[in-house]
Amino acid sequence: MQRAVRATDAPSRAQIMQFARAALERDAELTIRLVNEQEGRALNHDYRGRDYATNVLSFVYASTPVISGDLVLCAPVVSREAQQQGKPIIAHYAHLIVHGVLHLHGMDHQNDADAQAMEARETEIITGLGFANPYLEMEQI
């Protein structure tokens, strides 16, 4: 766990680990890093060719036998999105961490079928953690 930005509304290390573990289906070596918009934008530009800071980036280095990867969460973007969507910040972090870990498992949302499968798995995990279905909340906005 790395905190490159001071984010007073971010979850604790224990909570972040709880959210990541809930989505893991096998052993993993992960680094989860909270960053500012400048670093988030630079990473998104350098690795995805998009010139803006996004909420979460997943970098997978190995998928078997142990998942090895990084998750990068842009704290200001996560906070802003939670506020815009009327969600508790902790629930939004949980969703994005679960979403990122599922990407490390190879899940994606490039087509409708894959998106539906990924959203269903995310919903199962998020509601299992005691949070509301993040996709129902988004549809109501």
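Which residues have the most contacts inside the largest nonpolar core? Keep that in mind as you go through these close-ups of a predicted model.

**View 1. The largest nonpolar core.** The residues with the most contacts inside this core are Leu73, Tyr93 and Ile97, and the core has 28 residues. Two or more residues come from each of these elements: helix H1 (13–23), strand S2 (28–35), strand S4 (67–74), helix H3 (75–85), helix H4 (89–104) and helix H5 (112–128). H4 gives the largest share, nine residues. As background, nonpolar side chains tend to be buried together in soluble globular proteins.

**View 2. Around Leu73, and a second core.** Zoom in on Leu73, setting aside residues up to four places away in sequence. Leu73 then touches Ile32, Arg33, Leu34 and Val35, along with Asn55, Val56 and Val78, and also Tyr93, Leu96 and Ile97. There is a second, separate core too, made of eight residues, among them Val35, Leu43, Leu57 and Val77.

**View 3. Where H4 meets H5.** How do these two helices sit against each other? Their axes come within 10 Å and cross at roughly 130°. The crossing of H4 and H5 is right-handed. On the H4 side, look for Ala94, His95, Val98, His99, Leu102 and His103; they meet Met118, Arg121, Glu122, Ile125 and Ile126 of H5. Sort the residues of this contact by type and you get six nonpolar, three polar and two charged.

View 4. Who is around Leu104? Leaving aside neighbours within four places in sequence, Leu104 is in contact with Leu30, with Ser58, Phe59 and Val60, and with Ile67, Gly69, Asp70 and Leu71. Look for Leu24 as well: Leu24 and Leu104 are 80 residues apart along the chain, and 9.1 Å separates their C-alpha atoms.

View 5. Find the loop between strand S3 (56–62) and S4, which is the place of Pro65. The peptide bond running from Thr64 to Pro65 is cis, and its omega is near -5°.

Notes: Residues are numbered from 1 along each chain as its sequence is written. This is a predicted model: local features need pLDDT of at least 70, side-chain atom pairs count only at pLDDT 80 or more; totals for chains, interfaces and linings use all residues. Side-chain values use heavy atoms; hydrogens and water are left out. A nonpolar core is a set of buried Ala, Val, Leu, Ile, Met, Phe, Trp, Tyr and Cys residues joined through side-chain atoms within 4.5 Å. Buried means under 20% relative accessible area, exposed over 50%, partly exposed in between (1.4 Å probe, protein chains only). Helices (H or I, at least four residues) and strands (E, at least two) are DSSP runs, numbered from the N terminus. Contact means heavy atoms within 4.5 Å. Axes are lines fitted to C-alpha atoms, for helices over the stretch in contact, and angles run from 0 to 180 degrees between N-to-C directions. A crossing is left-handed if the near helix is turned anticlockwise from the far one by less than a right angle, and right-handed if clockwise. Ala, Val, Leu, Ile, Met, Phe, Trp, Tyr, Cys and Pro count as nonpolar, Asp, Glu, Lys and Arg as charged, and the others, Gly among them, as polar.
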